[in-house]
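Me: Hi! I have a structure open and would like to talk it through with you. Could you have a look?

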Amino acid sequence: MVKKIIVTLKGTLNKKYGANITQLNTIFSNLIGADALRGISTVILYIDDLVTAKKYGYPLPTVFDEVACKNIVDQIYWKESPEYLAIFGAQDIFPFQQLVNQLHQSGASGSDPDEFISSDLPYACDSPFSTNCNTFTNPTRVIGRIPDLPSNDLEEGNGDIEYVRTIIDQIIAAVPANRSAITDYFSSSANVWTGSTQISLRNIFGNSFHMKNSPPDITGGYSTTELGPLPHFFNLHGALSRTSFYGQIGSSYPEALRPSDLSGKVSQGAFVAAECCYGAQLLASGAGMGIASTYLLNRAAVFMGSSTIAYGPAVGQGLADLICQYFSINILNGSSSGSALLSARQRFLSVSGPILDFHELKTLAQFHILGDPSVHPVQSAEPKEMMSTIKDRRFTLQAKGINLGLTIPNTEKISDSGSVNPMVDFPALKNLVQFGVAESKTVFEVDEAFGDNFAATHIFKLSKQGNQKIRYHVFQKGRIFDSGICDLKVLVVKERDNQFMGYREYLSR
């Protein structure tokens with residue numbers, strides 16, 4: 001049978017759910033039984049349990065922090081090699097890994113305000129614990145997070161057992177949709193990003209006819225018919241600790257989607273990809289339920305989004321545009337939600353690499369899925385007799401991930417500075433961009449050292465100047481409004497041996 005392992009922490013669950021822990025155990029048992037009927041052997045592993053520790057050969061740590069959880073998940077994965085790995089619980093149960101955001105300048109105006117990137121990517125990689133994004137360009141594992149609602153504190157009994165029951169019942173009831181029956185979608189874009197969103201929708205669905213623009217389309221006006229299609233795709237603004245998504249035209253940022261707009265209108269099995277800043281944040285009780293949690297409460301199968309400030313290019317496609325559309329395409333082609341994410345990560349690395357700027361590294365790290373990674377929202381159109389076995393597919397994905405890790409060099413920060421005019425540093429830009437004065441500048445250098453890896457080393461020897469360093473000069477400016485919406489503008493200039501090689505412009509989503 002196909003193997004699925006769900007990891008969580010018994011002690012924290014006991015404290016959070018108090019007298020309801022028996023109900024939670026029954027909910028888990030129901031999921032295990034339903035999975036067995038689908039041919040999936042599911043095991044719940046409490047990594048803080050002495051029996052589990054003895055079985056997998058690790059000492060019980062005094063604190064189950066990011067280091068301990070990453071190391072233990074690795075131990076379990078290497079011994080069991082499950083087809084699916086799931087984390088149960090929000091960040092107050094099982095921690096996100098906190099990766100250092102090298103785009104952040106402490107106290108600097110205009111720089112990316114995220115000091116850390118909350119990420120499940122390290123759990124998807126064989127690399128050992130690290131807080132460096134560069135360590136995790138080798139994703140090989142199919143993983144997802146089945147969240148509960150986070151609490152502000154862990155006083156006994158505060159956990160919302162009915163929320164957990166609802167989303168587990170949805171997983172149990174999940175039935176893949178027939179691909180030929182999916183002829184429509186729901187999508188909303190900030191007005192200023194209409195062109196980019198249209199490209200994404202055409203790449204995913206073959207048309208952009210059903211895209212909503214915000215403004216004029218704003219909260220409160222979406223019908224059950226409009227929200228009824230299974231695929232949902234968003235290219236809107238999100239904001240830290242805010243429950244809504246926002247549109248934009250000029251300097252106006254109206255609400256485009258509120259959690260209340262979704263109640264009772266989302267079809268069972270819907271699958272969502274959101275480019276928005278903080279689109280997949282899990283808000284603690286008191287802040288209100290966010291969009292992602294509300295989708296799951298309303299029977300969506302999976303929500304894919306970002307934990308932090310996300311970016312896309314000012315013109316064309318890149319970053320959040322790519323990873324979200326790759327995920328959506330994979331779901332429509334019949335992948336499980338976890339496999340769709342892994343394949344999207346690998347394709348993103350293949351298309352963007354082998355040399356990545358740090359915005360690309362941040363994009364890779366910040367997007368994750370909320371939902372059971374074993375669920376297939378859409379039935380594969382490929383005839384069963386033509387389909388490879390799941391073990392063969394996992395082997396292929398593992399080989400791709402390992403190879404990507406071997407061929408992508410590190411991109412590391414070497415300096416920070418304050419206000420500067422990029423046109424002074426790079427006069428070649430004068431007729432190309434209108435960026436103005438940057439409020440902060442960060443320089444990154446690509447590490448060309450690969451040890452004994454022959455193929456990767458020779459990426460940089462395609463010319464006689466292969467030993468010269470590649471640098472990315474990142475110019476940032478912008479502001480964060482009282483609403484929490486970020487209006488950040490970024491100019492990334494690629495340089496080699498003081499020679500201008502190209503540029504990119506990014507905008508915060």
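Me: Let's start with Lys16: buried or exposed?
Reply: Lys16 is buried, at 0% relative accessibility. Buried is under 20% relative accessible area, exposed is over 50%, and partly exposed is in between, using a 1.4 Å probe and protein chains only. Bear in mind that this is a predicted model, where local features need pLDDT of at least 70, side-chain atom pairs count only at pLDDT 80 or more, and totals for chains, interfaces and linings use all residues. Residues are numbered from 1 along each chain as its sequence is written, and side-chain values use heavy atoms, with hydrogens and water left out.

Me: Thanks! What does Lys16 form a salt bridge with?
Reply: Its partner is Asp148, and the closest N and O atoms are 2.8 Å apart. A salt bridge here is a side-chain nitrogen of Lys or Arg within 4 Å of a carboxyl oxygen of Asp or Glu. Lys16 lies in helix α1 and Asp148 in the loop between β6 (143-146) and α5, so the pair ties together parts that are 132 residues apart in sequence. Helices (H or I, at least four residues) and strands (E, at least two) are DSSP runs, numbered from the N terminus.

Me: And Asp148, is that one buried or exposed?
Reply: Asp148 is buried, with a relative accessible area of 0%.

Me: How many salt bridges does the structure hold?
Reply: There are 25. One of them joins the side chains of Lys10 and Asp49, at 3.6 Å from N to O. Lys10 sits in helix α1 (residues 10-17) and Asp49 in the loop between β2 (40-46) and α3 (50-56), so this pair connects parts that are 39 residues apart in sequence. Lys10 is partly exposed, with a relative accessible area of 32%.

Me: Which residues are linked in a network of salt bridges?
Reply: Lys4, Asp35, Arg38 and Asp372 are linked that way.

Me: New topic: the core. Which residues touch the most other members of the largest nonpolar core?
Reply: Val7, Phe94, Phe234, Tyr295 and Phe303 do, in a core of 68 residues. Helix α5 (residues 161-173) gives the largest share of this core, six residues. Another core, of 61 residues, lies apart from it and has Leu121, Leu201, Ala273 and Tyr326 among its members. A nonpolar core means a set of buried Ala, Val, Leu, Ile, Met, Phe, Trp, Tyr and Cys residues joined through side-chain atoms within 4.5 Å.

Me: What is Phe234 in contact with?
Reply: Leaving aside neighbours within four places in sequence, its contacts include Phe186, Phe245, Leu257, Val272 and Tyr295. Contact means heavy atoms within 4.5 Å.

Me: Now sheets. What is the strand order in the open sheet of six strands?
Reply: The order is β14-β20-β19-β18-β17-β16, with antiparallel pairing. The edge strands are β14 (311-313) and β16 (411-417), each pairing on one side only. Two strands pair if DSSP finds at least two bridges between them.

Me: How many bridges does β16 share with β17?
Reply: β16 and strand β17 (residues 440-446) pair in the antiparallel sense over six bridges. Ser415 stands opposite Val443 in β17.
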